[in-house]
Amino acid sequence: MTANLPDEDVVVARAPAKINVHLAVGPARPDGFHELSTVYLAVSLFDTVTVGPGEGIALTVSGEGTGAAGGASRVPVDRSNLVWRAAELLAQHAGVPADATVDIRKSIPAAAGLAGGSADAAAALVALDALWDTRASRADLVELAARLGSDVPFSLLGGIALGAGRGEQLTPVLARGRWHWVLGMAREGLSTPAVYAELDRMRAAGRIPDGGELAPPDPVIAALRSGPLQALAAVLSNDLEAPALSLRGDLRRALRAATDAGAAAALVSGSGPTVAALARDEAAAVRLTAALAGEGLFRTVRAVHGPVAGARLVG
Ligand code: C5P
């Protein structure tokens, strides 16, 4: 809860982290973004955003990767935070003043390849829509989300979705299964633009295929729809893994540690450096979590499951 407000005046929303179980990246476009074909999966690691009345925007952040828990705070509390921009954009759209206190409680580390900043922005849109009674439609919120960042629409939608364009054009994917993953989150984040730039460099140098043809997502979608788990394990892929490994050599050891500890497969999540390890079942995820935590390679190791719903009001 926001420290100085009675509970009845605040609105709370939460939004999930995502992993990309398929991430094919095309060449850079004229606007600097890369054309993607991706399959997003929302997993049960949530940031919580609490909003209340205020004058102007006042932002506070606590939790994973901030303040004492993460050394120097890496999550800004000024206009450069996506949540601030989300508040301004929604206020402008609704024709209301951008007045709110906003408290972000982070479980999803920043710059981890888990769309933590996007989750915060999505949760803020949902919470502020309720606080300000803007009555924005879901379609309006999705449109605002796409203006904030490539992954923000998915943070709103949740579940499983096919992403095209720069990732913001979504088609929901229906699948009956539930998958258990273990996330190994690194001590230091990776900058998403830096990883895309490294991909471009490696392609220009001929070190990896040029991305002229995007690998289709169909095998991943078929595996998600029908199982078995080994089928999904066999088709997980991420074009950003090679550049993430190029920038952070220690990730190779982290991926190997996950498969050595019994993961069905392990890959870098999005632009990294989080390692997402697919566990055979819930009990295996618990064992894998303990084994990876014991390796000392990660700051935090968490067992999660997915798919889960997108940004929602809480309580
Ligand atoms: O959309 P978002 O602000 O999350 O993107 C952050 C950065 O990641 C972009 O500025 C760009 O460098 C890179 N990016 C990209 N292609 C995408 C998505 C992101 O090059 N499809």
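**Ligand site of the predicted model**

A nitrogen atom of the ligand lies 3.0 Å from a backbone N or O atom of Arg-166. The model is a predicted one, and the distances below are computed from it.

In the side chain of His-34, an N or O atom is 2.7 Å from a ligand oxygen. For the side chain of Ser-150, the corresponding distance from an N or O atom to a ligand oxygen is 2.5 Å. The ligand on its own would expose 450 Å², and 73% of that area is buried by the protein.

The ligand sits in the largest pocket. Two elements each give two or more residues to the shell around the ligand, namely β2 (34-52) and α5 (192-204). Of the elements, α5 gives the most, with 3 residues.

The residues that surround the ligand are Gly-32, Phe-33, His-34, Leu-36, Gly-149, Ser-150, Arg-166, Thr-192, Pro-193 and Tyr-196. By class, this shell holds 4 nonpolar, 5 polar and 1 charged residue.

The placement of the ligand relative to the domains follows from the shell. Domain 1 covers 7-173 and domain 2 covers 179-306; because both give residues to the shell around the ligand, the ligand lies between them.

Key:
Residues numbered from 1 in each chain as written. Predicted model: local features only at pLDDT ≥ 70, side-chain atom pairs only at ≥ 80, totals over all residues. Heavy atoms only, no water. Near = heavy atom within 4 Å. Polar contact = N/O pair within 3.5 Å; in protein donor to acceptor, adjacent residues only side chain to side chain. Areas by Shrake-Rupley, 256 points an atom, 1.4 Å probe, with all protein chains shown as cover. 1 Å grid on protein atoms, 1.4 Å probe; cavity = no way out; pocket = protein on both sides within 12 Å on 5 of 7 lines; lining within 4 Å. Sits in = over half its atoms within 2 Å of the grid points. Helix = DSSP H or I, 4+ residues; strand = E, 2+ residues; numbered from the N terminus. Nonpolar A, V, L, I, M, F, W, Y, C, P; charged D, E, K, R; others polar. Domains from an automatic or database assignment.
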